[in-house]
Amino acid sequence: MSDNMNVILTMKLLLCALLLPFAAMAQGFAGLGTGADGFAVPEPDPTFAFPADHGPHPEYRIEWWYLTANLTGPDGTPYGLQWTLFRSALEPKEDAGWKSPQIWFAHAAVTTPSKHFATERFARGGVGIAGVQAAPFRAWIDEWALEGPDFDTLTMRAGGPDFAYDMTLDAQGPLVFHGADGFSVKSESGQASYYYSQPFYDIQGTLKLPEGDIPVTGTAWLDREWSSQPLADNQSGWDWFSLSFDDGAKMMGFQLRQTDGSDYTSSTWIAPNGTTTSFGDGAFAAEPLKTASVQGRDIPTSWQVTLPQKDVDVTVRALNDDSWMGLSIPYWEGPVTVTGSHSGTGYLEMTGYQ
């Protein structure tokens, strides 16, 4: 067998090993609920160090840089955009060249009121095809990139067969930390991740769609999260909301659906100046109001979302019910509108629906 054939075969085997736990994340979470197997695990009372923590943490098994944006075209048409880079480690270390146990993959999507475009990329770490550096900040896979002199001022580009985008981002507020100062608990048994966000980006640029180039402006939200065993083995999927209200406040909330029919929830209230209030299990609630048939699955695309401690009682509706990410790891992800006690826009991610 030639050296090139050996490289291709090795890559395929590594990708299979990579996808098993993430497929479980979208369909039962068994892979993310198993033991950490020698990897580091998050501990309470974290101390973050920036800019270093904007970069990778190879001693942890799972990590992502996850950006979503709500956009508006010149005629008022709403759009959504996603750019995500994932890192998954086969071993808790980094190494040079093809010895690296780090695997990278990325998702990009654009959503319109009538269409949803999505694509993905895969790469091996250690050979320069994909990675993240903290300063100056750069996250990339092939020609897709999120980069800039620092985490506050970035450019972003990605594309697929039917779409592309080229954007600039400028942060208008501080980083925010979820849970207890960035230690985000995910289950009653204590599984957790380190989790912070930059939810204050202004974004502008160009969407390249089949109908032509569309200049857009809007707001963007970037999540940073890493762990090695973030979920319990009785959790079958999640519903995650990032909501930006017209009065300048924001809210993150998620519920992890459990096999006994109960939910584990967590949420963060973000004031317009960036100060936060975290709420543990039971404060935040999300109840489906409408279900749509999406790619043969019954997906809730309209929700009642409440956080009584902040007088939040809103209806969250998908811009496009068919925002299905039909990729190697399938899930639903798309922009939403918010009405009720608060008005605004946001993003919704749902996994584990079969």
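Colleague: Which residues is S323 in contact with, leaving aside its neighbours within four places in sequence?

Modeller: In this predicted model, S323 is in contact with T111, H116, Y331, W332, E333 and G334, once neighbours within four places in sequence are left aside.

Colleague: And where is S323 placed?

Modeller: S323 is in the loop between β20 and β21, the latter being residues 324-325.

Colleague: Is S323 buried or exposed?

Modeller: S323 has a relative accessible area of 0%, so it counts as buried.

Colleague: What lies 2.7 Å from a polar atom of its side chain?

Modeller: That is the backbone oxygen of N320, which lies 2.7 Å from a polar atom of the S323 side chain.

Colleague: Let us turn to A318. Which strand is it found in, and what does it touch?

Modeller: A318 is found in strand β20. Not counting residues up to four places away in sequence, A318 touches T301, W332, P335 and V336. W332 is also among the contacts of S323.

Colleague: Why does A318 count as buried?

Modeller: Its relative accessible area is 15%, and buried means under 20%. A318 therefore counts as buried.

Colleague: How far apart are A318 and T345?

Modeller: They are 27 residues apart along the chain, and their C-alpha atoms are separated by 9.9 Å.

Colleague: How does β20 pair with β19?

Modeller: Strand β20, residues 312-318, pairs with β19 in the antiparallel sense, over 6 bridges. L307 stands opposite V312 in β20. The two strands form a hairpin with 4 residues between them, and D311 in the turn has a positive phi of about 55°.

Colleague: What about β18 and β19?

Modeller: Strand β18, residues 285-294, runs antiparallel to β19, and 9 bridges join them. One of the facing pairs is T291 opposite P300 in β19. These strands also form a hairpin, here with 2 residues between them, and Q295 in the turn has a positive phi of about 50°.

Colleague: Where do side chains point in a regular strand?

Modeller: In a regular strand they alternate between the two faces of the sheet.

Colleague: What does Y165 touch?

Modeller: Not counting residues up to four places away in sequence, Y165 touches L81, Q82, W83, A108, A109, V110, M156, R157, A158, T206 and L207. Two of these, M156 and L207, are named with Y165 as having the most contacts inside the largest core.

Colleague: Which strand holds Q198, and is Q198 buried or exposed?

Modeller: Q198 is in strand β12, residues 192-209. With a relative accessible area of 1%, Q198 is buried.

Colleague: What does the side chain of Q198 reach?

Modeller: The side chain of Q198 reaches the backbone nitrogen of F200 at 2.8 Å. A polar atom of that side chain also lies 3.0 Å from the backbone oxygen of G173.

Colleague: One more residue: where does E147 lie, and which side chain does it make a polar contact with?

Modeller: E147 lies in strand β7, residues 144-147. Its side chain makes a polar contact with the side chain of R157, at 2.9 Å. Leaving aside neighbours within four places in sequence, E147 is in contact with F137, R138, T153, L154, T155 and R157.

Colleague: How far is E147 from T168?

Modeller: They are 21 residues apart in sequence and 9.6 Å apart in space, C-alpha to C-alpha.

Colleague: Finally, how many helices and strands does the protein chain have?

Modeller: The protein chain has 2 helices and 23 strands. Of its 354 residues, 55% count as buried. The chain exposes about 13,800 Å², of which carbon and sulfur atoms supply 50%.

Definitions and conventions. Residues are numbered from 1 along each chain as its sequence is written. This is a predicted model: local features need pLDDT of at least 70, side-chain atom pairs count only at pLDDT 80 or more; totals for chains, interfaces and linings use all residues. Side-chain values use heavy atoms; hydrogens and water are left out. Buried means under 20% relative accessible area, exposed over 50%, partly exposed in between (1.4 Å probe, protein chains only). A polar contact is a pair of N or O atoms within 3.5 Å; within protein, one must be able to donate a hydrogen and the other to accept it, and residues adjacent in sequence count only if both atoms are side-chain atoms. Contact means heavy atoms within 4.5 Å. Two strands pair if DSSP finds at least two bridges between them. Accessible areas come from the Shrake-Rupley method with a 1.4 Å probe; for residues, only the protein chains shown count as cover. A nonpolar core is a set of buried Ala, Val, Leu, Ile, Met, Phe, Trp, Tyr and Cys residues joined through side-chain atoms within 4.5 Å.
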